[in-house]
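Dear colleague,

Please find the structure below, handed over for your further work. A short account of the findings follows it.

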Amino acid sequence: MIKISSLYFFIQVFCLATSAQIKTQMLRIESLTNPVGLDIKQPRFSWQLVSSKRNTLQTAYEIIVEDNSKHKVWATGKIVSGQSIQVDYKGNALKSNQRYEWRVRIWDNYGNTSAWSNPAFWQTGFFDTAEWKAKWIQAGYSGDSVGQPCPLFRKQFDLNKKIKSATAYVTAHGLYEAKINGNRVGDAYLTPGWTSYNKRLQYQAYDVTALLKKGLNTIGATLGSGWYRGRLASGKNKNLYGRDISLLLQLEITFTDGTSTTITTDESWKSTRSNILTSEIYDGETIDASNEKNGWASPGYNDAAWDNVKVATFGYSNLTASCNEPVKKQESYHPVKVIITPKGEHVLDFGQNLVGWIQVKLHGKKGDSIRIYHAEVLDKAGNFYTANLRSAKATATYILNGDAEEIFEPHFTFFGFRYIKIEGSKTALQPTDFTAIVLHSNLQQTGHFTTSDTLINQLQHNIFWSQRGNFVDIPSDCPQRDERLGWVGDAQVFSRTAAFNMGVNNFFSKWMKDLAADQREDGAVPVVVPNILRRSNTFAASGWGDVSTIIPWDMYLVYADKKILETQYPSMKAWVEYIRNHSNNDLWDNGFHFGDWLFYRPDDDYDGTAAITNKFLIAQCFYAHSTQLLINTARVLDKPADVASYTALLQRIKKAFLDEYTTANGELVSATQTAYVLALNYDMLPEVLRARTAKRLALNIENYDFHLTTGFLGTPYICNVLSRFGYSNIAYKLLFQNTAPSWLYPVKMGATTIWERWDGQKPDSTFQTVGMNSFNHYAYGAVGDWMYRVVAGLDTYEDGPGYKHIKIQPHIGEGLTRVTADLQTNYGKLSNQWKIENGYLLMDVEIPVNTTATLYIPAKEWKQVTESNTPIDAVKDITVKGKKDDYIIVEMGSGNYYFRVAQ
Ligand code: BGC
């Protein structure tokens, strides 16, 4: 007879054995790992499944959520559902400033049950602005304004009990850096980030338990002008959100005996000028170390000479918890080269055009100073070149205290640079004393794309680095000159590419809220978000304003984020209604438009006044596209009346397009690459006209000897359109073109990021006009979407968004013998590698658990194809569905598959 204890042991081992077949990982709330300070009442839960067994699907899940006191606030029981991402919380009402722990277990289609996951947690922020007890404070001394020293704030307090937990809630007008007992609070930079401050100001929450102690404590903060009141855009625009900079801080402390206390900014704080003498986003920072107030953020510092603070009454109604990944330091680099230029300048080359700042170790006498200038490129003669920064001074100035070694870095600015020029040093400089630190929104890298061709790999590298450099809390056009604004057209064209390279769901959700906040009452969308231009002619340009429909839809496709559609729906609809109200007989034939911005032409003509593509033709295409996306969204959100009325509108828009922009025989009146691309991409033409229009596009490209003539609006989709209509060979020719205008021309010229213009630096090394010549502008990098989605073939079906139903259809093209792409989807890793080897096409595919895939294998006959050396019709895990256009179509579920196609 088996003893009870060994029976128990046996059962346990048996359970472990079955549950080992399936497990969960990557538990996330709102796409974040263990976030602190969420003010979302119904956060969404996601997890991934891991199983080595092919075709594994989740059939049920169970979630348990417990509060601080281990009380269950949500116990779902077993829910029969395949949903493993974006699962809405439906438990008891959550409380503010509380930590919740959660676990999940799942059942799969093979009858396995996973073990309970390790617990994950999230902490809530304030659900009600009435929970703000802190008062807004400002420097008490007079004269605080842009260009003046950054103010410091401090308060000392006594905690007479043992601390269990403590959370600091912080925000500012301007930028803040908080300290507790001399230690920096958190590792986020440029906080509270950039939003439409007057309407939405984000606060951050930090777990500061480890920074506090029983006894005397000190909390302090430094403020910078930042985007709030610093100079923005060209000209002298400053104080755009207000003249003040102000701090709001609330520290919630719980003691081990269960009691709690709150420390807040109020009239008891003190203020003084810091050693940051000036600080601005465009111009840089000046720090005087001889003026350092040593120990100012620690207990015991004598602040008798400091001023009392002023209390301001800004209220709390615009406050909202941060919902995106903050800017953080990423990796760092030492210079790769020391250069003395022909002009005799001391220059260091970091080998990569990057965004961030320099951390420098200095030695010298008190009062010595050093200036660090930043530049993206050297000129034809090899001298330091900053003319393209326009009025941005982009300079860091450090005044030494005379200590043995002093380490400097800025606080409230950033630079776009590859080279720095150093002036003023009296001692020999060691290149290793200069470290370039990369800063950007702390987004997870989700995609990789590599090929057999080093130039194409460099192109992907450049796209990725332009994304990194321009995703500094908002999607900016460029990171270096006196601009760095959230230009909506640039973001729109790049958003799908961005969502391959990095996890951008929260990044764009946050920014879209600012878009809606800054949208005009009549639905007009500003051309930059946050909108600091605020002139009547800086609204409603076609291809720019359409960001309001395009990005929410992209986020839905890529992340199955239905909430962004719900949140943005009024904004999307208002935009389409704006266009409708400004149309004549369904034609959007008026208003200001940038057109196919920066399309290629030999002389200078920024906004395309002499553009070959008719601007209103472009506008009509985007009118149709936005309307189509609104219809799609209305369908997802189950709004049949809107689906019907906008479908009728769309038909009229397309008819108006045909009447106005095609000849009686169906030829487009604007015979440009961009006109063809937009008309085809947005299905503006009836089926019968499409093939011949695509042929004209192909001929046009051939006539330009396989060069692009497209600008910001035509470029993103040109290769997609070519592939869709069977001209992938031409798309590949464009991709491999290496004379301007083309993607590889800048690569051949040594670019390490994407340039704003096709020929920013000409073959003779002279530059394009300085007014508009950024070397870090991601818009033309939108070809990345075609590289991932068409060349490698990683796509999602609309009816299974978020890669629940995956489509893999690679396009093999001349010039590449291998392509490898992977994407960390919400379900897990999706990848495809194709290569041509010894007369075979090999395709290695990985499909994440809990998804299904339709795979298009480039082969004429299924008999040519094996999977793991077995003829595909004999592989039980996959289903051969048929054949279409030189592809064999198969369906399968999760797992790794190895296909081989005899050529
Ligand atoms: C920006 C662009 C932007 C454009 C408007 C420029 O100054 O750098 O990227 O889209 O203005 O056309």
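Sorted by class, the shell around the ligand comprises six nonpolar, one polar and five charged residues. Please bear in mind throughout that this is a predicted model.

The residues that surround the ligand are Asp477, Arg481, Glu483, Trp487, Asp490, Trp544, Phe594, Trp597, Phe712, Glu756, Met772 and His777. Three of these residues deserve a separate mention for their polar side-chain atoms. In Asp490, an N or O atom of the side chain is 2.4 Å from an oxygen atom of the ligand. For Asp477, the distance from a polar side-chain atom to an oxygen atom of the ligand is 2.7 Å. For His777, the corresponding separation between a polar side-chain atom and a ligand oxygen atom is 2.9 Å. The ligand taken alone exposes 310 Å², and 97% of that area is buried by the protein.

Six strands form an open sheet with antiparallel pairing, in the order 14-13-17-11-20-23. Its edges are strand 14 (183–184) and strand 23 (307–308); each has a single partner strand, so one side of each is left without a neighbour in the sheet.

Within this sheet, strand 13 (residues 175–180) pairs with strand 17 (residues 215–224) in the antiparallel sense, over six bridges. Which residue of strand 17 stands opposite Tyr176? That position is taken by Leu223.

With kind regards

Methods: Residues are numbered from 1 along each chain as its sequence is written. This is a predicted model: local features need pLDDT of at least 70, side-chain atom pairs count only at pLDDT 80 or more; totals for chains, interfaces and linings use all residues. Side-chain values use heavy atoms; hydrogens and water are left out. A residue is near a molecule or strand if one of its heavy atoms lies within 4 Å of it. A polar contact is a pair of N or O atoms within 3.5 Å; within protein, one must be able to donate a hydrogen and the other to accept it, and residues adjacent in sequence count only if both atoms are side-chain atoms. Accessible areas come from the Shrake-Rupley method with a 1.4 Å probe; for residues, only the protein chains shown count as cover. Ala, Val, Leu, Ile, Met, Phe, Trp, Tyr, Cys and Pro count as nonpolar, Asp, Glu, Lys and Arg as charged, and the others, Gly among them, as polar. Two strands pair if DSSP finds at least two bridges between them. Helices (H or I, at least four residues) and strands (E, at least two) are DSSP runs, numbered from the N terminus.
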